[in-house]
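Colleague: I have a few minutes before the group meeting, and I would like to go through this model with you. Shall we look at it together?

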Amino acid sequence: MSRAVEESNRAMLRARDAMDRAYAQPLDILALARIAHVSPAHFIRTFRATFGETPHRYLQRRRVERAMYLLTQTDRDVTDVCFAVGFASLGTFSRTFHRIVGEPPTVYRRGRAPADVPTCFAKAWTRPSSFG
């Protein structure tokens, strides 16, 4: 691996880590591109080439992942979960959740009980995939 590719990967990892830390905050491409020290267009292209999905798709998946946990492990309303994970609209949250998980948030909550397995295994089994 060339030094330039390694530096690019590190920059993308810094931006992805920032997305992981602040997933519930409003994030824009310009701020993420600044973290990676590249232009916004180059950031989107490089992020997709590095991780296999666009920054927006990654952020949505990360937010849905957190919502899955909150829906099964807490008694919070779906609306509360929606806003807690960073969505601004319940409709967008429900549509995105359904597209990624395969069922609406209320159905997902009804069909899941907290598992009696180590958390690391449960997260690995239930993590939404962007690869189908």
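Colleague: Are helix 2 and helix 3 roughly parallel or roughly perpendicular to each other?

Modeller: This is a predicted model, in which local features need pLDDT of at least 70, side-chain atom pairs count only at pLDDT 80 or more, and totals for chains, interfaces and linings use all residues. Residues are numbered from 1 along each chain as its sequence is written, and side-chain values use heavy atoms, with hydrogens and water left out. Helix 2 and helix 3 are roughly perpendicular, a label for angles of 65 to 115 degrees, whereas under 35 degrees counts as roughly parallel, over 145 as roughly antiparallel and the rest as oblique. Their axes cross at roughly 80° and come within 9 Å, the axes being lines fitted to C-alpha atoms over the stretch in contact, with angles from 0 to 180 degrees between N-to-C directions. Helices here are DSSP runs of H or I with at least four residues, numbered from the N terminus.

Colleague: Which residues meet there?

Modeller: Ile29, Leu30, Leu32, Ala33 and Ala36 of helix 2 meet Pro40, Phe43 and Ile44 of helix 3, where contact means heavy atoms within 4.5 Å.

Colleague: Switching to helix 1, which of its residues are buried?

Modeller: Ala11, Met12, Ala15, Ala18 and Met19 are buried in helix 1, with buried meaning under 20% relative accessible area, exposed over 50% and partly exposed in between (1.4 Å probe, protein chains only). Seen down the axis of helix 1, the buried residues fall within an arc of 115°, so they line one face; the arc is that of the directions from the helix axis to the C-beta atoms.

Colleague: And what covers them, and what sits on the face turned away?

Modeller: The cover includes helix 2 (29-36), helix 3 (40-51) and helix 4 (55-73), while the face turned away from the buried side carries the exposed residues Arg3 and Arg21.

Colleague: What about helix 6, which residues are buried there?

Modeller: Phe93, Thr96, Phe97 and Ile100 are buried in helix 6, and they fall within an arc of 100° seen down its axis, so they too line one face. Helix 4, helix 5 (78-84) and helix 7 (105-110) are among what covers them.

Colleague: How do the two ends of helix 6 look?

Modeller: At the start of helix 6, a side-chain oxygen of Ser89 reaches to within 3.3 Å of the backbone nitrogen of Gly91, and helix 6 is followed by Gly102, whose phi is positive, near 100°.

How values were computed
A polar contact is a pair of N or O atoms within 3.5 Å; within protein, one must be able to donate a hydrogen and the other to accept it, and residues adjacent in sequence count only if both atoms are side-chain atoms.
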